[in-house]
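Work through the exercises below with the structure open. Each task is followed by a solution in steps.

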Amino acid sequence: MSRDSQKWYDKPVSKLILITIALTWIFPIFGFVLSSFRPGESIKRTTWWDALFTGEIWSELTLQNYSEIFFADGLDRSFYNSFAVTIPSTIIPITIAAFAAYAFAFMDFKGKNILFLFVVASMIIPLQMSLVPLLQLFKSGAEVFGIRIIPALDLNGTFVATWFAHTGFGLPLATFLLRDFMMGLPKSVIESAKIDGASNFTTFFKLVLPLSVAGIAAFATFQFLWVYNDFLVANVFLGIYRPENLVVTSHVSQLAVGQFGEAWHLRTSGAIISMIVPLIVFFSLQRFFVRGLVGGAVKG
Amino acid sequence: MRYYKLVVMKEKTQRQKLLNFGISTLSLGIFPLIWFLSQAILFRELTELISRNWLVVVGIIIGSTFIFLLFYGMNFFISLADRDSRESLEAKMFVGPSIFMIGLFLFYPALRTIYLSFQDRYGTSYNGFDNYMWAFSDPEMLVTIRNQIIWLVFVVTFVLIIGLVVGWLSDRLNKGEAFFKSVVFLPMAISAVGASAIFKFIYEYRPPPLTQIGIINGIRVSVDREGYVCANNKIIEGVNRVVGDENCLPPIGWLQQRDMSNLPFVQNLDLDNWFNSIIVNIPINTILLMVIMIWMFTGFAAVVFSAGIKAIPNEIMEAGQIDGASELRVFTSIIIPYIKSTIVVVGTYMVVTVLKAFDIIYVGTRGDLETNLLAVKMLDEFSKYRNIGRSATVAVLIFVCVFPIIWFTIKRERETIS
């Protein structure tokens, strides 16, 4: 929407500023994308802008880098690993949070306020606070007053460790957001369903869940991108030293810190492959994504 | 007769209570624990047993569906209870797993971190405030804290300012608003690791005879000096102009520069002057790493601000314009006050994000050369120096910085709701 009463000199100036900013923002990606299509030797021999000015770039464009990084360097494995980490890490917290949000929004029970305060308070905890003890918990279990509650599980390096870690870190926010969303649903509909004799389980699955799709999608998009783009949790719980445990982000980080020498043709193409999924999600679900981001402003 | 009935009912409630207590511990305490353990053990064994490709497929399927077993199992136990108490048990069943998981995976570890911060490097014996003394006296830690402050001040300020400008200006366009916002917002979808890789390509340094493929050094070595033609390993006027020619500027390893002392113009400065001594000490690598984060998050700020600006009623904007206020005046006295709370929200978000910045440093410099931040330092202490106590202390420091901010946000949010 544009305002009508604009002064004539304003628009070119604001356009100029915007175009400058947009070009500045695009520029880093541009050279990077271009280089990903050039053979490794050419990247090192001539700079991409020189190649562009002389026109030499058009004859050397190739998809070789992509097939090399994906099939020979094992990025395909990291790619599948990323999905094995991300999909359950999105579904588990959302399911648990949706149940809890339903109870907080529509049911009466003892200690409701205190429990909700507990959920909200745990949003304050930054991920770094729980990282190391959680790692120890997964490795050697936990004891309370000498009684072993959780045995030594030795989970680190398995996907299940990352699922639980992401569940813990994502749950408070998910519960909080979904409760907010469900509070906005028409209460009379849910009450009339209960009067008709529907159990809480039925009301939840048949009525509240379909009505909350927008809220769930917003958080799901947020959590999916967050987990997919996460490097810290993957680094800690899966490790970066065993190639079969790499996810896309840790794989690209290994490329970028120079584990494989000066392989810019692999660094560029690898990083770009890692960006494809988030970009697809971002462009197709932009509406939900922005909403999830704004809601996620307080994720601990 | 009536009295007798009452006694029977009372007895019944007593027995009921016992039964309900049994059912609720079973369904709310023991079952979730068993569920957690069985999923963990099942998957750990699968990791050993089946091939990698199958593991991914099975992992996605099991990981996504196992959670429903938890609720159906609990529901089964609760359906054994009598009708009257089922409602309250069901409520607990709906909430229980959320509380259980937050408690086990977030709350308990966080408390343990506080406890560990008073322990020695193995986390086995109490050593008082030693770790905290270390945190505020160790030179490496002091540099880390300094960097964290620089990051907080500059990243948050720049993200807010550029975000406001883009949000404000794009709102006034007739065409192309969505395009400009998308372009600036794009980096938000990219992982910080990817963004760091992109910028490392720009900052790239290679030892002199090699072509400078990073654009900053590429331009730097191609600058002609006093009539002498320089170039980046190119043949110009029949001469091969190589990188490292002593008449030309040398390339610089930008991410290795902890201060400005390697730049030629600084070497002629009078260092006794206080202003110059500040200039010399500007940490170039830290600034270049901050650029990555600004690049990533400005779009987020712009999109949120633009939504805030759109929410301003047209009458208010028009009233300002009719009164003859200039565009800039409208911006400073109408738009900014109107979206003040949005600015606070975005600012808060950025402060928390900067305090937890990890990937950029890790990929950019690995925290070396005085670029470290708290989140990286925390992991370094744990995995590199094997000091659990100190690692926990750094984590507590992050928490202490984040705590008031989020507390304030939640309090404000509750006020707006009520």
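**Exercise 1.** Does A:R179 count as buried or exposed, and why?

*Solution.* The model is a predicted one.
Step 1. Locate the residue: A:R179 is part of helix 9 (residues 159-183) of chain A.
Step 2. Count its neighbours: A:R179 has 23 C-beta neighbours inside 10 Å.
Step 3. Apply the cut-off: a residue is buried if 20 or more other C-beta atoms lie within 10 Å of its own.
Step 4. Conclude: A:R179 counts as buried because it has 23 such neighbours.

**Exercise 2.** Find which residues A:R179 touches, leaving out residues up to four places away in sequence.

*Solution.* 
Step 1. With that exclusion, the contacts of A:R179 are A:A101, A:F104 and A:A105.
Step 2. For a C-alpha distance, take A:G215, which is 36 residues from A:R179 along the chain. The C-alpha atoms of this pair are separated by 9.5 Å.

**Exercise 3.** Identify the residues that touch the most other members of the largest nonpolar core, then list the contacts of A:L178.

*Solution.* 
Step 1. The largest nonpolar core holds 195 residues.
Step 2. Within this core, A:Y102, A:L178 and B:I398 touch the most other members.
Step 3. Not counting residues up to four places away in sequence, A:L178 touches A:A97, A:A98 and A:A101, and also A:S212, A:G215, A:I216 and A:F219.

**Exercise 4.** Describe how helix 10 and helix 11 of chain A cross.

*Solution.* 
Step 1. Helix 10 covers residues 187-195 of chain A, and helix 11 of chain A covers residues 200-211.
Step 2. Their axes come within 11 Å and cross at roughly 145°. The crossing of these two helices is right-handed.
Step 3. Helix 10 of chain A contributes A:V189, A:I190, A:A193 and A:K194 to the contact, while helix 11 of chain A contributes A:T203, A:L207 and A:V208.
Step 4. Sorted by class, the residues of this contact are five nonpolar, one polar and one charged.

**Exercise 5.** How many residues does each chain give to the contact between chain A and chain B?

*Solution.* 
Step 1. Chain A gives 103 residues and chain B gives 97 residues.
Step 2. On the side of chain A that touches chain B, helix 6 (residues 75-106) of chain A gives the most, with 17 residues.
Step 3. This side of chain A divides into 70 nonpolar, 22 polar and eleven charged residues.

**Exercise 6.** Do the corresponding analysis for domain 2 and domain 3 of chain B.

*Solution.* 
Step 1. Chain B is divided into domain 1 (2-96), domain 2 (131-194 + 284-417) and domain 3 (200-280).
Step 2. The C-alpha centres of domain 2 and domain 3 of chain B are separated by 31 Å.
Step 3. Seven residues of domain 2 of chain B are in contact with eight residues of domain 3 of chain B.
Step 4. Helix 11 (residues 284-310) of chain B gives the most to the domain 2 side, with three residues.
Step 5. That side comprises three nonpolar, three polar and one charged residues.

Technical notes:
Residues are numbered from 1 along each chain as its sequence is written. Chains are lettered from A and ligands numbered from 1 in the order in which they are written. This is a predicted model: local features need pLDDT of at least 70, side-chain atom pairs count only at pLDDT 80 or more; totals for chains, interfaces and linings use all residues. Axes are lines fitted to C-alpha atoms, for helices over the stretch in contact, and angles run from 0 to 180 degrees between N-to-C directions. Helices (H or I, at least four residues) and strands (E, at least two) are DSSP runs, numbered from the N terminus. A crossing is left-handed if the near helix is turned anticlockwise from the far one by less than a right angle, and right-handed if clockwise. Two residues are in contact if their C-beta atoms, placed from the backbone, lie within 7 Å. Ala, Val, Leu, Ile, Met, Phe, Trp, Tyr, Cys and Pro count as nonpolar, Asp, Glu, Lys and Arg as charged, and the others, Gly among them, as polar. A nonpolar core is a set of buried Ala, Val, Leu, Ile, Met, Phe, Trp, Tyr and Cys residues joined through C-beta atoms within 7 Å. A residue is buried if 20 or more other C-beta atoms lie within 10 Å of its own, exposed if 12 or fewer, and partly exposed in between; C-beta atoms are placed from the backbone. Domain bounds come from an automatic or database domain assignment.
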